[in-house]
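This report examines selected elements of a predicted model. The sequence and structure are shown first, and the description follows.

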Amino acid sequence: MQSHTKDFRQGAGAALSDPKIQANLEGLYNGFHQARIDASDQTPDWEALQDKGRAIKAHTLDNLAYYLEMVERNVIASGGHIYFARDAEAASNYVVNLAKERGIELVIKGKSMVSEEMALNHRLEEEGIEPVETDLGEYIVQLAEETPFHIIAPAIHKSRGEVSELFVEKLNVPLYDNIEDLTREARDQLRQKFVDAGMGITGANFIVAETGTVTLVTNEGNGRMCTSMPKIHVAITGMEKVVPSIEDLGLFLRLLIRSATGQRISSYVTTVTGPRGEDEVDGPEEFHLVIVDNGRSKMLADPNLREALYCLRCGACLNACPVYRKVGGHAYGWVYPGPIGAIVSPMLTNLSEAKDLPFASTLCGACKEACPVKINIPRMLLYLRKELTQGETYPEHKSVSMAESTAVKGWRASVSSSFMMRLSNLGGRLLQLPFVRGGRIDRLPSPLSGWTKHRKFPAIASKPFRTRWKNIGKK
Ligand code: SF4
């Protein structure tokens, strides 16, 4: 997928000024976010489960080569094929070549963020192969020729009315005014595609090393149909999705599902171990697992970023984030939005091009609190900010401008002592005079204009707090 991370400011501005997107984003907090809190409150020993999950993730990533080799052995032993792709292009080539060799013309797809990284639909279309998304949200986004807006709810930015109009335009059907009719229409449209497709492509929420089992968590049943109806099933996933054992899988299913939707268990949990056996009645004739690196090794090798690979892609940090809930998913400009996306997207694309993303956070810590495996997102955002300004580990990405650097040095000097603080406070009060109206600054000149573009900025108080405090003490 082409990266637009450098356009974060424009994308955020567009979302902020779009009342429809703002209205559609409102539901996230009261919906998924509250459901997660309720589900975790009702789960005995939730915090102990989180700690255990985090410890298993740390152990697996510290021994990733060992577990990936175990996956390889067990996938092959169960009659499947496995391919380790260095990057998105290699992964796409593998899938496209396989489809061409088998004469596939129609592919059905379950939800897969990694296939978004690979821009796989685009590649398949270039080769004359029709890809059809079967997750309802992904289907809507595909019809609209857009990219997913949220990790687990790709079309959350679209209202029912917008989806109705989209169906009229793209599917030539009547204008429906309720969700049941829209869902039924999508199901009718997709049913024959499931029957006709020669290949099913899915992601994988987890890969169990001890058995080579791919696990999918869905609520629509489309994942199970993608894995069992076509003759060929290809699962594509990032290399960090390995868990050591089936017992660990049980723990991670509890953490993921409760954090994603607040459910105790999703409607469908599908496990696939190799192709259909002789004594089995359903399943694919061929099974392929594509494990993708695409920059993940770089995060694995950096002790400051490794824990970003613990991510279960539950989306809880997005729903908790005050920035995501205002600017939405498209502003981030690549596959992974929100707080975890502000770390993963720059590292998998280009840190200096995505330099606004690590700064798109108030560092309030809501993301860390929401995360089922306690990923310390604020710490990693600070680390990336430091890298962008000082470039100790990634000097090639140091991208702070001379003006910014000078401004930060000036600010540091201004708060370095009590005298300097008083002096800079006095200077600030004098400099702001031409811009203050009723205790607020309406508009600042460039290069400070961004501070007042979307709000009025509070003016520096005429009496510093320190002076007022002294006077209060005297009364
Ligand atoms: S960082 Fe944590 S909260 Fe955010 S998507 Fe990943 S697992 Fe979920």
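Helix 5 comprises the 14 residues 88–101, and its end C-alpha atoms lie 20 Å apart. At 1.5 Å a residue, a span of 20 Å should result, so the helix agrees with expectation. An α-helix has 3.6 residues a turn, so residues three or four places apart point the same way. The buried residues of helix 5 are Ala88, Ala90, Ala91, Ser92, Val95, Val96, Leu98 and Ala99. Their packing partners include both helices and strands: helix 6 (113–117) and helix 7 (120–126), together with strand 1 (81–85), strand 4 (199–202), strand 7 (232–238) and strand 10 (286–292). After helix 5 comes Gly103, which has a positive phi near 70°.

A separate topic is the open sheet of four strands, whose order is 8-5-6-9 and whose pairing is mixed. The edges are formed by strand 8 (242–243) and strand 9 (268–272); each has a single partner strand, so one side of each is left without a neighbour in the sheet. Strands of a sheet pair through backbone hydrogen bonds, either parallel or antiparallel. Between strand 5 (residues 206–208) and strand 8 the sense is parallel, over two bridges. In this pairing, Val208 stands opposite Val243 of strand 8. Helix 12 (residues 246–260) lies across strand 5, strand 6 (213–218), strand 8 and strand 9, and runs at about 165° to strand 5.

The ligand is surrounded by residues that include Cys311, Leu312, Arg313, Cys314, Gly315, Ala316 and Cys317. Ile340, Cys371, Pro372, Ile375 and Ile377 also belong to these surroundings. By class, the shell holds ten nonpolar residues, one polar and one charged. Arg313, one of the residues around the ligand, is buried, with a relative accessible area of 10%; this value falls under the 20% limit for burial.

| Residue | Phi | Location |
|---|---|---|
| Gly103 | near 70° | after helix 5 |
| Arg313 | about 55° | loop between helix 13 (296–301) and helix 14 (316–320) |

Methods
Residues are numbered from 1 along each chain as its sequence is written. This is a predicted model: local features need pLDDT of at least 70, side-chain atom pairs count only at pLDDT 80 or more; totals for chains, interfaces and linings use all residues. Side-chain values use heavy atoms; hydrogens and water are left out. Buried means under 20% relative accessible area, exposed over 50%, partly exposed in between (1.4 Å probe, protein chains only). A residue is near a molecule or strand if one of its heavy atoms lies within 4 Å of it. Ala, Val, Leu, Ile, Met, Phe, Trp, Tyr, Cys and Pro count as nonpolar, Asp, Glu, Lys and Arg as charged, and the others, Gly among them, as polar. The expected span of a helix is 1.5 Å times one less than its number of residues. Contact means heavy atoms within 4.5 Å. Two strands pair if DSSP finds at least two bridges between them. Axes are lines fitted to C-alpha atoms, for helices over the stretch in contact, and angles run from 0 to 180 degrees between N-to-C directions.
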